[in-house]
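Have a look at both before reading on.

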Amino acid sequence: MPARHTARPDAPAQDAPETAEQVVAAAARGRHRRPAAYLAAAAVGAVLVNVLLSAGPDAQAEPAVTAASQAVSVADQLGITAPAADGTQVTSELTGHLQELAASRAEREDSEAAAAQTQAAADEAARQAQEAAAAQAAAEAEAAAQAQAAAEAEAAAANATTQDFHDYALAQLGGDESQFSCLENLWGRESGWDPDAQNPTSTAYGIPQFLNSTWAGTGIAKTSNGFRQIDAGLIYLENRYGSPCGGWAHSQATGWY
């Protein structure tokens, strides 16, 4: 009685051999894997296609280069590019990208530096213009104040009395009554403390009766302002005689000072 062979229920069923088309499809589905795996799958598929489609023994004897070329053709159809074995192509591409990035960054930094320099120059010009405007405004204000003070002084001098001139001279002498007494006598004899007094035979003018050449030595221009005339007269007496009493003593001795 022949032996009966019963297949074990848990024995795994053997997979049916894959066709060339299935191999190629499997390779296409695995396109996101490494390029080396792609090329291996493509080469296997090409070999299988070559074997299955061969008509006879002559076809089986074709050189291996045909299968290789078909493998490359399949790889091309799948869009697979094999990287260079030594990484030269990848390194070259990375170097090119890095150089482009470096050049772009350098250009951007140069542009930013130029813009910053331009802005700094504009800010400096604006600051200088502002300072110049402020200085001009201050100078104009000072000139206006001086003009106002001069106008007020002129108005006060035009309406001043002899007593006003005496009080002013005494204040300029620091309240020294003895020196003021000499000064009162000196200028009383010279002009009677009249700021408009004019010597008919010379250029002597004003309370101190200065010649035109004398005014220049005091640093005060010839003026009809009696207060400024007193200032000029006190400067002259201080420089020439040391005090009003020194000038009065000389005037008493010579008739002039």
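Which hand does the crossing of helix 6 and helix 7 have? The crossing of helix 6 and helix 7 is right-handed. In this convention, a crossing is left-handed if the near helix is turned anticlockwise from the far one by less than a right angle, and right-handed if clockwise.

Before going further, some ground rules. This is a predicted model, where local features need pLDDT of at least 70 and side-chain atom pairs count only at pLDDT 80 or more, while totals for chains, interfaces and linings use all residues. Residues are numbered from 1 along each chain as its sequence is written, and side-chain values use heavy atoms, with hydrogens and water left out.

**The overall picture**

The chain has 10 helices and zero strands. Helices (H or I, at least four residues) and strands (E, at least two) are DSSP runs, numbered from the N terminus. Of the 257 residues in the chain, 25% are buried. Buried means under 20% relative accessible area, exposed over 50%, and partly exposed in between (1.4 Å probe, protein chains only). Contact means heavy atoms within 4.5 Å. Among contacts between residues at least 6 apart in sequence, 46% join residues at least 24 apart.

Axes are lines fitted to C-alpha atoms, for helices over the stretch in contact, and angles run from 0 to 180 degrees between N-to-C directions.

| Pair | Angle | Axes apart |
|---|---|---|
| Helix 7 and helix 9 (residues 226-240) | about 110° | 13 Å |
| Helix 7 and helix 10 (residues 244-254) | about 40° | 8 Å |

How do we put those angles into words? Angles under 35 degrees count as roughly parallel, over 145 as roughly antiparallel, 65 to 115 as roughly perpendicular and the rest as oblique.

On the helix 6 side, the contact is made by H166, A169 and L170, and helix 7 brings E177, F180, L183 and E184. By class, that comes to four nonpolar, one polar and two charged residues. For these classes, Ala, Val, Leu, Ile, Met, Phe, Trp, Tyr, Cys and Pro count as nonpolar, Asp, Glu, Lys and Arg as charged, and the others, Gly among them, as polar.

Next up is helix 7 with helix 9, at an angle of about 110°. That makes helix 7 roughly perpendicular to helix 9. Their crossing is right-handed. L183, L186 and W187 of helix 7 meet I230, G233, L234 and L237 of helix 9. This contact has six nonpolar, one polar and no charged residues.

Finally, helix 7 packs with helix 10 at about 40°, which makes helix 7 oblique to helix 10. The crossing of helix 7 and helix 10 is left-handed. The contact's residues divide into six nonpolar, six polar and two charged.

**The core**

A nonpolar core is a set of buried Ala, Val, Leu, Ile, Met, Phe, Trp, Tyr and Cys residues joined through side-chain atoms within 4.5 Å. The largest one here has 25 residues, and those with the most contacts inside it are F165, L183, W187, W193, I230, L237 and Y257. Helix 6, helix 7 and helix 9 are the elements that give two or more residues to this core. Helix 9 gives the most, with six residues.

W193 lies in the loop between helix 7 and helix 8. Is W193 buried or exposed? W193 is buried, with a relative accessible area of 4%. Its phi is near 60°, a positive value in a residue other than glycine. Leaving aside neighbours within four places in sequence, W193 is in contact with residues including F165, L183, W187 and I230.

Q209 is also placed in the loop between helix 7 and helix 8. Q209 has a positive phi of about 55° although it is not a glycine. At 13% relative accessibility, Q209 counts as buried.

T223 is found in the loop between helix 8 (212-218) and helix 9. T223 is buried, with a relative accessible area of 17%. Not counting residues up to four places away in sequence, T223 touches E154, Y205, W215, R228 and Q229.
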